[in-house]
Amino acid sequence: MENPFSIQHTLCTSSPLCEDSHTATNIELNEDLVKKAMRLGKLKSKKDAVNLALGEFVQRHEQMKVLSHFGTVEFDHNDNYKSQRVRERLVFDRIAKSLSPFPTHAMTSEVFFTAAEFFNTCRSKGIQGSNNDFLICAASALWGLPIITKDQDFKRYQKHLPISLASSRK
C-alpha cells in the first residue's frame, strides 16, 4: 500500500505571467473529511477546502504564539490599567501587529442583543458590569474565543455566562 502521506511536487505552469512560485501537490486525503469541510464551508472544490484548512491552521498557530506571551509580562497590580490609553503611535502599531493573526468579526445586532441578555443575567444575580465588558463577553461566547484579561470582573461573569478565559502561564 502506498504511503497516504506521500507528497509529489511539480512545477505549476498554469500561468506564464505568474511570478509567485507554486507547486502542484498530489496527496491522498480523507474523502469524508474533505466532503464535510466543503459542505460546512460551502466550498466548491477540494483545493478551496485544503487552502482554507491550511490558512486556518497557520492563523491558529500564529494566535497561539501571541497567547504564549500571556502572563509573561510583568504586571504592576498597583497600576490603574483601566485608565491607561494608547497615546503613542508606535505603541498602537505594535499592538496592532501583535493582534494581526486574530480574525476580525463584525459587531452585528446579535452581539448587542446577546450583550444585553448577559447584562440582565448578571444583574439578576447581583453582579454589576460595564456595557463594554458585556459586549466582550457576548463576542467571546458567539465566536468561541477565549477572553484574555487580568480584569477580575470577568471571573465573576464566567460563573453565570458561557465564556472562557485564557489562563495565564505561571
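Select Asp153 and Arg156 to begin: the two residues form a salt bridge, their closest N and O atoms lying 3.3 Å apart. The term salt bridge denotes a side-chain nitrogen of Lys or Arg within 4 Å of a carboxyl oxygen of Asp or Glu. This is a predicted model, in which local features need pLDDT of at least 70 and side-chain atom pairs count only at pLDDT 80 or more, whereas totals for chains, interfaces and linings use all residues. Residues are numbered from 1 along each chain as its sequence is written, and side-chain values use heavy atoms, with hydrogens and water left out.

Next, display helix α6 (residues 153-158), which holds both Asp153 and Arg156, three residues apart, about one turn of the helix. Helices (H or I, at least four residues) and strands (E, at least two) are DSSP runs numbered from the N terminus. Asp153 is buried, with a relative accessible area of 18%, while Arg156 is partly exposed at 36%. Buried means under 20% relative accessible area, exposed over 50%, and partly exposed in between, with a 1.4 Å probe and protein chains only.

Now move to Asp133, in helix α5 (residues 131-143). Asp133 counts as buried because its relative accessibility is 10%. Beyond its neighbours within four places in sequence, Asp133 is in contact with Asp151, Asp153, Phe154 and Tyr157; contact means heavy atoms within 4.5 Å. With Tyr157, the side chain of Asp133 makes a polar contact of 2.9 Å. A polar contact is a pair of N or O atoms within 3.5 Å; within protein, one must be able to donate a hydrogen and the other to accept it, and residues adjacent in sequence count only if both atoms are side-chain atoms.

Select Glu31 and Lys46 next. Their side chains meet in a salt bridge of 3.0 Å, N to O. This pair links distant parts of the chain, 15 residues apart: Glu31 belongs to helix α1 (residues 31-41) and Lys46 to helix α2 (residues 46-67). Glu31 is partly exposed at 33% relative accessibility, and Lys46 is partly exposed at 40%. The structure holds two salt bridges.

Finally, show the whole protein. Six helices and two strands make up its secondary structure, in the order β-β-α-α-α-α-α-α along the sequence. Of its 170 residues, 16% count as buried. Among contacts with a separation of 6 or more, 45% join residues 24 or more positions apart.
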